[in-house]
Amino acid sequence: MLYSRVVGVVVICCYSPTNIAEEDEVERLYNELSSLVRQIPHHNVTMICGDFNAHSSLWDEHLPTDNRGEEMEDWVIDKDLTILNEGDYTRINRATGGLSTPDVTLCGSSWSNKFSWMTIDGIGN
C-alpha cells in the first residue's frame with residue numbers, strides 16, 4: 001500500500017529596512033512575519049528568505065553580532081525556526097570589498113534536515 005499526505009509549501013520573501021530606519025519599522029516587519037507564520041498549518045513546509053540587515057555569529061562569520069542580529073535570534077527561537085545559512089557570505093561591499101551575510105534563509109525546525117543551503121559565486125549584491 002502507498003500512503004501519501006499532501007503538504008503545502010509556503011515561501012515568504014522579505015526585506016528589513018537598513019540600520020538608519022526607525023526601530024518601529026523593523027518591529028512591524030517581525031510582527032507581520034509572525035502573523036503570517038501563525039496562519040500556516042504546521043504540516044506545511046515554510047521557508048522565509050530575506051535581506052534582514054541583521055548580523056549574528058549564527059549566520060554571519062564576517063561581521064560581529066549587532067542589535068538586530070540579537071533581536072532576530074530571539075525571534076527565530078520564539079517561532080521554532082532553523083537558520084539554514086552555513087556561514088558563506090551573501091554580500092560584498094563594492095566600496096571596501098568587505099564580506100557580510102545580511103541575507104538569511106529560515107525554515108520550520110521540523111523541516112531543517114530536508115534542505116541544503118549554498119551561495120553561488122558571481123551573482124552580485
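Among contacts in the chain between residues at least 6 apart in sequence, what share joins residues at least 24 apart?

**View 1. Contacts and the whole chain.** The share is 67%, for contacts between residues at least 6 apart in sequence, with a contact meaning heavy atoms within 4.5 Å. This is a predicted model, where local features need pLDDT of at least 70, side-chain atom pairs count only at pLDDT 80 or more, and totals for chains, interfaces and linings use all residues. Residues are numbered from 1 along each chain as its sequence is written, and side-chain values use heavy atoms, leaving out hydrogens and water.

**View 2. The run of elements.** Starting at the N terminus, the order is β-α-β-α-β-β-β-β, giving two helices and six strands (DSSP runs numbered from the N terminus: helices are H or I, at least four residues; strands are E, at least two). Of the 125 residues, 38% are buried, that is, under 20% relative accessible area by a 1.4 Å probe with protein chains only.

**View 3. The negative patch.** E22, E23, D24, E25, E27, E70, E71 and D74 gather on the surface as a patch of negative charge (Asp and Glu count as negative; members have over 30% relative accessible area and no salt bridge, with like charges joined within 9 Å; a salt bridge puts a side-chain nitrogen of Lys or Arg within 4 Å of a carboxyl oxygen of Asp or Glu). Helices α1 (23–39) and α2 (67–78) each supply at least two of its residues, and α1 gives the most, with four.

View 4. D74 sits in helix α2. It counts as exposed because its relative accessibility is 53%, and exposed means over 50%.

Note on methods:
Patch = residues over 30% accessible without salt bridge, like charges linked within 9 Å, V, L, I, M, F, W, Y side chains within 5 Å. Areas by Shrake-Rupley, 256 points an atom, 1.4 Å probe, with all protein chains shown as cover. Charge placed at Lys NZ, Arg CZ, Asp CG, Glu CD.
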